[in-house]
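Student: I would like to learn how to read a structure feature by feature. Could we take one term at a time?

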Amino acid sequence: MATAHHHAEHPTGLSRWLFTTNHKDIGTLYLVFAFIMAIVGGLMSLVIRSELWKPGLQIVDPLFFNEMTTVHALVMIFGFAMPAFVGLANWQIPMMIGAPDMALPRMNNWSFWILPFAATLLISSLFMPGGGPSGGWTLYPPLSVQGGMGTDFTLLSIHLLGMSSILGSINIIATILNMRAPGMTLMKMPMFAWTWLITAFLLIAAMPVLAGAVTMLITDRHFGTHFFDAAAGGDPVLWQHVFWFFGHPEVYILVLPAFGVFSQVIPTFARKPLFGYDSMVYATASIAFLSFIVWAHHMYTVGMPMAGELFFMYATMLIAVPTGVKVFNWISTMWRGSMTFETPMLWAVGGVFTFTIGGLSGLMCAITPADFQYQDTYFVVAHFHYVIFGATIYGLFAAIYFWLPKWTGHMYNETLGKWHFWLTTIGFNLTFFPQHFLGLAGMPRRIPDYALQFTEFNQWSTVGAFFTIASQLIFFYVAFKTMKGGAKATEKVWDGADGLEWTLPSPPPYHSFAVAPKVK
Amino acid sequence: MSMTLIIKRFPGIVSRLTLGLGFWFAVPAAFADYALNFQRPVTPVAQKILELHNMIIVICLVIFVIVFAFMFYSIIAHRKSRGHKAAQFHENAKLEVVWTIIPFLILVSMAIPSTATLLEMSDTSKSDLTIKITGYQWKWRYDYPDQDVGFFSTLATPRDQIENKTAKDEHYLLEVDKPLVIPTGKKIRFVVTGNDVIHSWWVPQLGIKKDAIPGFVNEFWVRADEAGTFRGQCAELCGKDHGFMPIVVQAVSPEDFSKWIAMEKQQAAAESAGAAKTWSKDELLVKGKKAYAGTCAACHGPEGKGIAGVFPALDGSKVATGPLDEHIKTVLHGRHTGKYSAQMPAFASQLSDVDIAAIITFERNDLGNKTGDVVQPSQVKALRK
């Protein structure tokens, strides 16, 4: 390891942020980037919901509407959710395992700085002749072969985004496997580290598959290949298989780290150890394994052979088992605890509740014959927003409120934090619960205009969307205020806090655990 | 404890419960515009799906209520503010086994009827009639191979309604010029494919959704148990007018179906007779204006102005004002110079000689163009090879 080097002063200015190899700085960069992208993606969702306020085309034309639905999803998934959790991983994993930094700090810097370029490519696609990609974030050919230059910008952006994720994941695995403090066996490390370890393996397995698919699309578009062109002997459905082989693990990549956050927050505010730690580890690993064998439940209507339809139905239903185990374990952690409901706990418990609603609608979608009615309708849109928002976003806010006092040394405003939680919860449910009914009633997704009977629920949903987005202003205010000042935070911050990060000062030194702590 | 006291003490519980469950129970299902479940099934398959769906929703709801009863009880009772001291238990292997096995068994109980329904849905044998569905950007084509009848089915909602210039009628966006007509009480085998990109044929009341994929032929069966009109939409994003290619199925008695087939054959014969005669400029313009609006305006715009970078304008375009043969060949065989991102499909198989002649005459004498050219169906026919 390093000799007793004194890092010069704590670096400052633009070059600090451009050249930093410090996990805390890089964590901050990821989080700031993520929330900028959240604003961009959120505004796109408002364009979508504005057009869907009432039947008729009022605000945008159908092609631009499709660009909005496509880019909204890409921005939210690849620009917001994933980078935000990598930001949390960067800030927290070294501190939680007693390591001085990530295993590969310079690669860590590069992993982040790829992202602004990727985001620029993606957003600028909207301004290219012909507009941005408009075939859905799932980019199904032959439609995606029809798109113009905007689609190419997006495909290259996806390559960059994938590279960033893969490099970040290598770093996380190397850090967790090699740099835990002495005495911290794998089965003693915090759940957040476990869920990120498993997620990092998912990323390494899945992102290259997406890269492969995207490359085939690029060559079909420009280099004379016909992978997806039936007339030339290719197969449009091949794309779907390859994409969803990535796509399904991807959604577990989105939720598993958030599950790790729930497993940190709930025990803290219940003042009780996490129930069933070993089971939680095995359940997370089971979910990760199963996530690779269920992909074609996104494809029940393409005309697969019966054996395929049945296999994917059974495998998909099976995922409910380990996921249910996790929910039961969280509730058992709460059970007979001594709970208080500060903002992080509200987000964690609310997240478990919201995610479970989405999980149950997901179970409904798993049933192949029933899915024939749900597929490509607003029922699916409701389902995935409930699971992604419920787990990933609620988990993200739980994590930020939980750790912000540690990062900044200041307590955030608890009243405003609670307002943020309740208004978001009301707004989110108002936006997406009616969409279940829209889907059941027969409204397809990805349409800018709809038949008259869908009007009322669409209007509730639009009001909810504006309400939800507006509520996030509270968060930005709270976060900025806390970074600037506020009541001084102690080392432990929370009464029930447990873990190495809570043994460090708030805020922690620029370099923490230069000497490894001993874990019993 | 009074209601107000309860609401004051447990705002979280009340708002959660109201939000989560109120939608289900508080809103009367009698309001059609607040429909909470599937549309009424009219086939045995749709009926089976509805029953399966209802069973699964009930199971999910019961699980949800039980699980969150525990959670909410805990939230209320196991609070520090109530003086509750934290227990320190943190594992129980037996419990883990129990709540692994019980959900697994519940899943098995769901999987059995689901498997049965799926198997029933897949048996297309012993059908009485075969109909072929082809998805186009952005309309459907229906062919009855055994009856030698075929036609396109396009959205009939006027542009003015979509652009909010006139009031929307009852079946806004769910009406077509020529519906698919099927006989009641007969097992119909459908084969589905796509012409250009992936579409999906979906009619909720028939309980049917199947992707229309270029290069593939999918199949499913339908038996309409009652007469009536059933509406659906394309269910796979297929481009800009994905939301504007509805499906209308008219189920009629077998006798009425035969009469309709006979009428269709007559009309087809009249159409091909029309191809041989000489048309006046005015006749062509009237027919061309309608055909243009139904087929070409989707891309080239109602006034022929196109969309910059995506679809070329026809107003003043080289093709629409240049050599006539080039224009005809473009419509017949399609065009992709790379200058525009979209690719113009070949319309030779989609449009008749009469339609193409009328459309081209219209394009060359309207939309800002004044070439004076008149195109006869025979000229189009000659360039088809």
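Student: How many helices and strands does chain A have?

Tutor: Helices (H or I, at least four residues) and strands (E, at least two) are DSSP runs, numbered from the N terminus. Chain A has 16 helices and zero strands. Some ground rules: this is a predicted model, where local features need pLDDT of at least 70 and side-chain atom pairs count only at pLDDT 80 or more, while totals for chains, interfaces and linings use all residues. Residues are numbered from 1 along each chain as its sequence is written, and chains are lettered from A and ligands numbered from 1 in the order in which they are written.

Student: What does the radius of gyration of chain A agree with?

Tutor: The radius is taken over C-alpha atoms, and the globule rule is 2.2 Å times the number of residues to the power 0.38. For 520 residues a compact globule would come out near 24 Å; chain A has 23 Å, which agrees. Along the principal axes, the C-alpha atoms of chain A fill a box of roughly 65 × 50 × 45 Å.

Student: Which percentage of the residues in chain A is buried?

Tutor: A residue is buried if 20 or more other C-beta atoms lie within 10 Å of its own, exposed if 12 or fewer, and partly exposed in between, with C-beta atoms placed from the backbone. In chain A, 62% of the 520 residues are buried.

Student: How many residues of chain B are in contact with chain A?

Tutor: Two residues are in contact if their C-beta atoms, placed from the backbone, lie within 7 Å. By that rule, 85 residues of chain B are in contact with 83 residues of chain A. Elements of chain B that each supply at least two residues of its side include α3 (44-77), α4 (93-121) and β9 (228-234). That side of chain B divides into 45 nonpolar, 25 polar and 15 charged residues. Here Ala, Val, Leu, Ile, Met, Phe, Trp, Tyr, Cys and Pro count as nonpolar, Asp, Glu, Lys and Arg as charged, and the others, Gly among them, as polar.

Student: What is the strand order of the open sheet in chain B?

Tutor: Two strands pair if DSSP finds at least two bridges between them. The open sheet of five strands in chain B has the order β4-β10-β9-β6-β7, with mixed pairing. Its edge strands are β4 (180-183) and β7 of chain B, each of which pairs on one side only. Within the sheet, β9(B) and β10 (residues 247-252) of chain B run antiparallel and are joined by five bridges. B:Gly232 stands opposite B:Ile247 in β10(B).

Student: Which helix packs on that sheet?

Tutor: Helix α6 (residues 254-276) of chain B does, touching β4 and β10 of chain B, and its direction makes about 135° with that of β4(B). For such angles, axes are lines fitted to C-alpha atoms, for helices over the stretch in contact, and angles run from 0 to 180 degrees between N-to-C directions.
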